[in-house]
Amino acid sequence: MEQPGNRPRPADPPLGVVMPGGQGSHPGVVLGAEAYGVNPFIQGVQQRLVGLGYAAAVPDYYHGEGPRDVEAYDDFTEVIEHIGRLDFTCGARDLAQAVDTLRATPGVVPGRVCLWGYCTGGTLAWLAACQRGDVAAAVLFFPSQPRFAELGPRTPVHPMDLLWQLTCPALFIYGDRDPVMPPELLADLRGRIGRWGVNAEVRLYAGAGHSFSAPRGPMRHGEADRAAWDDAVAFLRAHTED
């Protein structure tokens, strides 16, 4: 059986840090891209956050080997295959290491660096936040894998079972019709947050399914997307500004 220690560590992914204009120090955000990887959608999110005054970085956790069609919002065949091959341990480390890179970037306030992720990138941001005790906050848009289909070298522990290690304020965002987070699992998530004293909240958006922030396609829910964006930005500001 393949052991984690025997797998070569991929080369560090390219990390483009985009800084806001103007002088002064800025909070920072490491973005976990949705399962399509670093595509126009996540680059648009990066630019929107930069426009709000945040330094933003998007690591390529696929290391250049992600889906060829990065905007196939009507056909999920290829992206599902890539999710199935993704090493979540390496991907989470990519985001965790990007926090260090952003913290060391001139013009970034080290104590105000956050994580923010979508879909599979939301899962990776969740895992990365559990690895670290020094991020200011985590914004998790509909993490796709609260529980993995099975455990193995690339998925050694369910994110739900690591929730007790989440030490930063966290916002979980889901649609109330998301099959990834059905009512029984939602109750379990909320129960663990309360039982373990986790500083986290869960917000549901009426009528929305999974990945409702997609720029187009059958999963998009514009009203939920706009409301969730406003809530996420307010949450981020609450934990990164004086």
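**The nonpolar core and its surroundings**

Modeller: The largest nonpolar core of this predicted model has 79 residues, of which Trp116, Tyr118 and Phe172 touch the most other members. Helix α4 gives the most to this core, with 8 residues.

The sheet comes next. Its 7 strands follow the order β1-β3-β2-β4-β5-β6-β7, and the sheet is open, with mixed pairing. Strands β1 and β7 (200-205) each have a single partner strand and stand at the edges, so one side of each has no neighbour in the sheet. On average, neighbouring strands are turned by 20° against each other, direction ignored. Within this sheet, β5 (residues 138-141) and β6 (residues 170-175) run parallel and are joined by 4 bridges. Leu140 is placed opposite Phe172 of β6, and Phe172 is one of the residues that touch the most other members of the core. Helix α5 (residues 183-195) lies across β6 and β7, and it runs at about 155° to β7.

Helix α3 may be described in the same manner. Its 16 residues (88-103) should span 22 Å at 1.5 Å a residue, and this agrees with the 23 Å between its end C-alpha atoms. The buried residues of α3 are Phe88, Thr89, Cys90, Gly91, Ala92, Asp94, Leu95, Ala96, Ala98, Val99 and Leu102. An α-helix has 3.6 residues a turn, so residues three or four places apart point the same way. The partners against which the buried residues of α3 pack include the strands β1 (15-18), β2 (26-32), β3 (55-59) and β4 (108-118). The helices α2 (77-85) and α4 (119-131) are also among these partners.

A polar residue deserves attention as well. Ser213 is found in the loop between β7 and α6 (222-238). With a relative accessible area of 2%, Ser213 falls under the 20% limit and is therefore buried. Its side chain makes a polar contact of 3.0 Å with the side chain of Asp225. Leaving aside residues up to four places away in sequence, Ser213 touches Phe41, Tyr118, Phe141, Phe142, Arg220 and Asp225.

Ala238 and Ala137 are 101 residues apart in sequence, and their C-alpha atoms are 9.4 Å apart in space.

How values were computed
Residues numbered from 1 in each chain as written. Predicted model: local features only at pLDDT ≥ 70, side-chain atom pairs only at ≥ 80, totals over all residues. Heavy atoms only, no water. Helix = DSSP H or I, 4+ residues; strand = E, 2+ residues; numbered from the N terminus. Expected span 1.5 Å × (residues − 1). Buried < 20%, exposed > 50% of the residue type's maximum accessible area, 1.4 Å probe, protein only. Contact = heavy atoms within 4.5 Å. Pairing = 2+ DSSP bridges. Axes fitted to C-alpha atoms, helices over the stretch in contact; angles between N-to-C directions. Polar contact = N/O pair within 3.5 Å; in protein donor to acceptor, adjacent residues only side chain to side chain. Core = buried A, V, L, I, M, F, W, Y, C linked by side-chain atoms within 4.5 Å.
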